[in-house]
Amino acid sequence: MTAAISSILDRVIAPNEPSLPPAVAEEFLCWSFSPHDQERMSVLAAKARAGNLSTEEQSEIDGFERVSSFLGLLKSKARLSQQCHRLN
């Protein structure tokens, strides 16, 4: 993910602002990669370490990284939102 896209997503999602309703926060925290996708990422990571990624595989790993970053922002906001709801 480029720095510009990451910065834009950070401003849009605002992970440091606990504004999600509890049910939405709970749902976001359940989102994750499937076991199949986790295995695929592991295979791609091994190939990347060995320097054997094709152009198509590099594109695929880039996609996984983008989605992972996006999920990280959502989950960060969700955890913070849950903490604030528990305190109130």
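## Lys77, a buried lysine

Lys77 sits in helix 4 (helices being DSSP runs of H or I, at least four residues, numbered from the N terminus). Is Lys77 buried or exposed? Lys77 is buried, at a relative accessible area of 7%; buried means under 20%, with a 1.4 Å probe and protein chains only.

Leaving aside residues up to four places away in sequence, Lys77 touches Ile13, Ala14, Pro15, Glu17, Ser19 and Leu20 (contact meaning heavy atoms within 4.5 Å). Ile13 is 64 residues away along the chain, yet its C-alpha atom is 7.7 Å from that of Lys77.

## About the model

This is a predicted model, where local features need pLDDT of at least 70 and side-chain atom pairs count only at pLDDT 80 or more, while totals for chains, interfaces and linings use all residues. Residues are numbered from 1 along each chain as its sequence is written, and side-chain values use heavy atoms, with hydrogens and water left out.

## The nonpolar cores

The largest nonpolar core has 8 residues: Leu9, Ile13, Leu20, Ala25, Phe28, Leu73, Leu74 and Ala78. Such a core is a set of buried Ala, Val, Leu, Ile, Met, Phe, Trp, Tyr and Cys residues joined through side-chain atoms within 4.5 Å. Helix 1 (3–13), helix 2 (22–30) and helix 4 each give two or more residues to this core, and helix 4 supplies the largest share, 3 residues.

Another core lies apart from it, with 5 residues, including Phe33, Leu44, Ile61 and Leu71.

Note on methods. Buried < 20%, exposed > 50% of the residue type's maximum accessible area, 1.4 Å probe, protein only.
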